[in-house]
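Reader: I'm new to this one. Can you walk me through it?

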Amino acid sequence: TSVGQDDNDPERYIGNIGQGGLGLPDRHIYDATNKPFQPLRHGYKKYMASMLTLAGANNADKRAAAVYALEEKLAATHWTRIQNRDPQKTYNKMTVAQLQKLAPSIDWKPWLAATGLGKETAFNVNQPDAIKKAAALIKSQPLAVWKDYLTVHLLSSEGQYLSKQFVDTWFEMYGKQLSG
């Protein structure tokens, strides 16, 4: 989520709900038929296993593989960059009730309250079908995999500020493999 100027009412700000949650920069990198990205996918799996190992997890390789499989499913729900460039398609103003109907596997009211947006009455849902499909993954995927997913993403977001081992692991992935 983010808050920005309402594209259809420039005098107002609106909460935006959009796709996200990938550790790699774009959905097409996860596509196994996209051969040039095979080394990057392999490196990312290794990175996730290393982060889980550093966090003290057992069976880190297996758990990282499960997290990667979840991210593959999540990436498959994402819109392409071309789809995301269309301002008409990415403007979908919804009430909380409409959002709840779109993606019922998420209890939106407490989630929005926790993000500080609980008093808002409408939101722009940038990619409605992607949000619907991603929300369905919450129910269909094992809780243990979601916990590992959140662990990896928390460590990734803060990895550059943790101990030297975390910093080195983070930099190897995000400072070298992804950035060159």
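Author: Here is a short tour, from the whole chain down to single residues. It is a predicted model, where local features need pLDDT of at least 70, side-chain atom pairs count only at pLDDT 80 or more, and totals for chains, interfaces and linings use all residues. Residues are numbered from 1 along each chain as its sequence is written, and side-chain values use heavy atoms, with hydrogens and water left out.

Reader: How many helices and strands does the chain have?

Author: Eight helices and four strands. Both are DSSP runs numbered from the N terminus: helices are H or I with at least four residues, strands E with at least two.

Reader: And in what order do the elements run from the N terminus?

Author: They run β-β-α-α-α-β-α-α-β-α-α-α. The chain's radius of gyration is 18 Å, close to the 16 Å that the globule rule gives for 180 residues, so it is as compact as a globular protein of that length. That radius is taken over C-alpha atoms, and the rule is 2.2 Å times the number of residues to the power 0.38.

Reader: What share of the residues counts as buried?

Author: 40% of the 180 residues. Buried means under 20% relative accessible area, exposed over 50%, partly exposed in between (1.4 Å probe, protein chains only).

Reader: New topic. At what angle do α2 and α7 pack?

Author: About 90°, with their axes 9 Å apart; α7 covers residues 143–158. That makes α2 roughly perpendicular to α7 (65 to 115 degrees). Axes are lines fitted to C-alpha atoms, for helices over the stretch in contact, and angles run from 0 to 180 degrees between N-to-C directions.

Reader: Which residues in α2 and α7 meet?

Author: From α2, Arg63, Ala66, Val67, Leu70, Glu71 and Leu74. From α7, Val145, Trp146, Asp148, Tyr149 and His153. Contact means heavy atoms within 4.5 Å.

Reader: How do the residues of that contact divide?

Author: Seven are nonpolar, one polar and three charged. Ala, Val, Leu, Ile, Met, Phe, Trp, Tyr, Cys and Pro count as nonpolar, Asp, Glu, Lys and Arg as charged, and the others, Gly among them, as polar.

Reader: Where is Ala69?

Author: In α2, which covers residues 60–77. Ala69 counts as partly exposed because its relative accessibility is 24%. Its C-alpha atom is 9.5 Å from that of Tyr30, 39 residues apart along the chain.

Reader: And where does Asn59 lie?

Author: In the loop between α1 (38–54) and α2. Asn59 has a positive phi of about 50°, although it is not a glycine.

Reader: Is Asn59 buried or exposed?

Author: Exposed, because its relative accessibility is 59%.

Technical notes
Angles under 35 degrees count as roughly parallel, over 145 as roughly antiparallel, 65 to 115 as roughly perpendicular and the rest as oblique.
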